[in-house]
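Subject: Structure for you to look at, with notes

Dear colleague,

Here is the structure I promised to pass on.

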Amino acid sequence: MLKKVNIGVLVSGSGSNLQAIINHIEDGSLDAEIRIVISNNPDAFALERCRIHHLRSVLVDHRKFDSREICDRHMIEILESSGVELVVMAGFMRILSLEFFRAFPRRIINIHPALLPAFPGTHVQHKALEYGVKFSGCTVHFADEGVDTGPIIIQSVVPVYDDDSDDTLSARILKEEHRIYPQAIQYYAEGRINFQGRKVLIDNAHRLTEQSLHNPPLTRF
Ligand code: GRF
C-alpha cells in the first residue's frame, strides 16, 4: 500500500544523503515528505541545504542539555509534533538513548558506509582499506540500541582497488549511499518491509542477475 511517508531527518554534517533524499522527492521518484530536519551541530552544511530547499530545520545542540535523555526527549517532542512516522539518520553522529528507540519502535533507519556487520563504528572506510578487503560498500539498517547492529534493509557492494585511498573509497561508497537510502525509504513508503526475527524481507524484491562478483576479476576459471 503506497502512501507518502512523513520523515524526520537527523544530521550532523555535510548532508549529502539528505540532499539525495531531497532530490528524489523533488523529482517525484520518492514518495516521502520531509517534515523536519534536526541537527545537533550548528555548523552542519546540511542546515544550509534546508535553507536552500525551504525545509523546516531546527538545531538541537546536545551540549546545551544536562543529559542525553533530556536532549532526546526534546527531539522526540519535535519529531512527534511534526507528524514524523519514520526517523532517518543521515550522518547523525550521536548515540540515541533507549527512550528514543522506545518512542519510535522499528521506525528509525540509519546509513553506514560499510558492509555490516563488518566494520561498525567510525572511520570504517579507512578500516576496510587497512584490513585489505576486496569489496566494501554501504548498508541501510533499522537502528537499535547497539552501534550499527539493527536489521539490514538494503546493501550495496563496491570493489576496493589496490591504489585506493580513504578519499577515493569513501567517494565510491558515498555515491552508492545516495542510491540505496532513497530506495530504502521508498520500500518503507510502499509498505514492502517485513520482519522475520532480526531479518528484513522486502515484498516482491527482484533477484540480482549477477550470481557472484570477483575482485580482482577471474582470468581463467
Ligand atoms: C556518510 O558516509 C554516512 O554513511 C555516515 O556519515 C557520512 C555522512 O555523510 N554515517 P553526509 O553528511 O550525508 O554527507
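In what follows, buried means under 20% relative accessible area, exposed means over 50%, and partly exposed is what lies in between, all with a 1.4 Å probe and protein chains only. This is a predicted model, in which local features need pLDDT of at least 70 and side-chain atom pairs count only at pLDDT 80 or more, whereas totals for chains, interfaces and linings use all residues. Residues are numbered from 1 along each chain as its sequence is written, and side-chain values use heavy atoms, with hydrogens and water left out.

Let me begin with the aromatic residues. Rings of Phe, Tyr and Trp (for Trp, the six-membered ring) are paired if their centres lie within 6.5 Å, and the pair is called stacked when the planes are under 30 degrees apart, edge-to-face when they are over 60, and tilted for the rest. By that rule, the whole structure holds 3 aromatic pairs. One of them is formed by Phe 100 and Phe 104, a tilted pair with 5.4 Å from centre to centre and 40 degrees between the planes. Phe 100 counts as buried because its relative accessibility is 0%, and Phe 104, at 1%, is buried as well. Another pair is made by Phe 119 and Tyr 131, whose ring centres are 6.0 Å apart and whose planes stand at 70 degrees, so this pair is edge-to-face. Phe 119 lies in the loop between strand S5 (108–112) and helix H5 (124–131) while Tyr 131 lies in helix H5, so the pair ties together parts that are 12 residues apart in sequence; here helices (H or I, at least four residues) and strands (E, at least two) are DSSP runs, numbered from the N terminus. Are these two partners buried or exposed? Phe 119 is buried, because its relative accessible area is 18%, whereas Tyr 131 counts as exposed because its value is 65%.

A ring also takes part in a contact of another kind, in which Arg 106 lies over the face of Phe 195, 3.7 Å from the ring centre. A charge is taken to sit over a ring if NZ of Lys or CZ of Arg is within 6 Å of the ring centre and within 35 degrees of the ring normal.

With a relative accessibility of 62%, His 123 counts as exposed.

Now to the ligand. Which residues are around it? They are Ser 14, Gly 15, Ser 16, Asn 17, Gly 91, Ile 111, Pro 113, Leu 174 and Glu 177, where a residue is near a molecule if one of its heavy atoms lies within 4 Å of it. An N or O atom in the side chain of Ser 16 is 2.5 Å from an oxygen atom of the ligand, and a backbone N or O atom of Asn 17 lies 2.9 Å from a ligand oxygen atom. For Ile 111, a backbone N or O atom lies 3.4 Å from a nitrogen atom of the ligand. Taken alone the ligand exposes 370 Å², of which the protein buries 82%, with accessible areas from the Shrake-Rupley method and a 1.4 Å probe; for residues, only the protein chains shown count as cover. Helix H1 (16–26) and helix H6 (166–189) are the elements that give two or more residues to the shell around the ligand.

Technical notes
Polar contact = N/O pair within 3.5 Å; in protein donor to acceptor, adjacent residues only side chain to side chain.
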